[in-house]
Amino acid sequence: MERSSHHIITLYSPIHEGHHPPNEYLHGHLVPFFEMPQRLHNIHAALTESNMVEWREPSLEITKDILAQTVSADMLDYLEYTSTHVADVIRADFDVYKMGDTLNGDEYYYESVLPDRMAQFLRSDDAVEHRPTYIFDSVSPIGARTWEAVLASANLAYVGAGLLLDGAKEVYALCRPPGHHAGYDYMGGYCYINNAGVAANHLKGRGKVAILDIDYHHGNGTQALFWDDTEVLFVSIHGEPPAEYPHYTGFAAEKGGENAPNTTLNFPLPLGTTDEAVYLAALDQALDAIRDFDPAVLVVSLGFDAFKLDPISDFKLEIASYMRIGRRIAALGLPTLYIQEGGYHLESLGDMAVSFFRGVLYT
Ligand code: OKP
Ligand code: ZN
């Protein structure tokens, strides 16, 4: 094994800390919001100690114009407005429950309405005064500092892509909130803007782009963004639908739109997959498909939730599995942007990040 001498450029912004929804709803109980700031603090501390990374805190380059390639302008406006006026937006709901005087500005707007895009009988010409909806579940709440956190997160992906365009070999965008469940005009699953999508759209200037999504959950948003795009290959390994979230996508039969057949490739694996060999065999097939596609660059949606102790997931990978995964991905030899997605076992997140990037560096 050859020891490589360089550090991995790692992009980070502390602005994510302002986005900390208080809880999720679980069958009548409130449980902690699993997608919490401490996740990144633990990864940050472990990587700092490992001495493998070069930290950078890039300034904001992303703009609404740049984002318009990946996200509907109306949804961006909705997200910004809801975040910056959150108390106004939820006041009427609180008043109905005679709770108006409990508002303190620290609330989060939790969507509880079907997104417009799923409302098949809603017609614009008979719309009365109507506030559009874009969020497909109750785990992408919007608070006063969500907008700036989401922008900062997408910015890391965008700046990371720019560094690859400038010749960097690998970059890690330590994004939070994650992005892969967000589509062009919908948000959900802790996600608001699709960071991998923002990066891939930027990288398309360089040539074909492959996206490998190894988060435990299917990246439905990323898949949808590039569904009919011949220039972008989307490959995902995840807990199988319909059992696993997001439940309705990620079947092996989903292979791309009619103009772009076989540019989507899904590897749904059974819940409870305990055997690393099963996972690595799927990964090897995924990597073969990427080689065949012959992309100029690779984007990895990097989740750490396939780990055996992850509280909301059901694969059984070990910490050391991540080193093997990192080594295999890096062996492709492609300029690669790693984008943080999920991973919720707080105590192990740092160890997984270190393990993964050891694999990447010591190929
Ligand atoms: C985000 B990422 C509702 C459960 C919702 C959402 C999981 C989102 C995962 N009962 N769980 O892909 O890590
Ligand atoms: Zn996930």
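How do the residues of the lining of the second largest pocket divide into nonpolar, polar and charged? Some notes below.

1. Ground rules: this is a predicted model, with local features needing pLDDT of at least 70 and side-chain atom pairs pLDDT 80 or more, while totals for chains, interfaces and linings use all residues. Residues are numbered from 1 along each chain as its sequence is written, and side-chain values use heavy atoms, leaving out hydrogens and water.

2. To the opening question: eleven nonpolar, seven polar and five charged (Ala, Val, Leu, Ile, Met, Phe, Trp, Tyr, Cys and Pro count as nonpolar, Asp, Glu, Lys and Arg as charged, the others, Gly among them, as polar). A pocket here is an open set of points on a 1 Å grid over the protein atoms alone, where a 1.4 Å probe fits, with protein on both sides within 12 Å along at least five of seven lines; lining residues have an atom within 4 Å of a point.

3. Of the 23 residues lining that second pocket, Glu 24, Val 139, Tyr 190, Tyr 245 and Ile 312 lie nearest its centre. Strand 2 gives the most, three residues (strands are DSSP E runs of at least two residues, helices H or I runs of at least four, numbered from the N terminus).

4. The largest pocket has 24 lining residues, with Ile 90, Phe 94, Tyr 108, Tyr 109 and Tyr 110 closest to its centre. Helix 4 is the top contributor to that lining, with five residues; strand 2 (23–26) and strand 5 (108–109) each supply at least two.

Conventions: Chains lettered and ligands numbered in written order.
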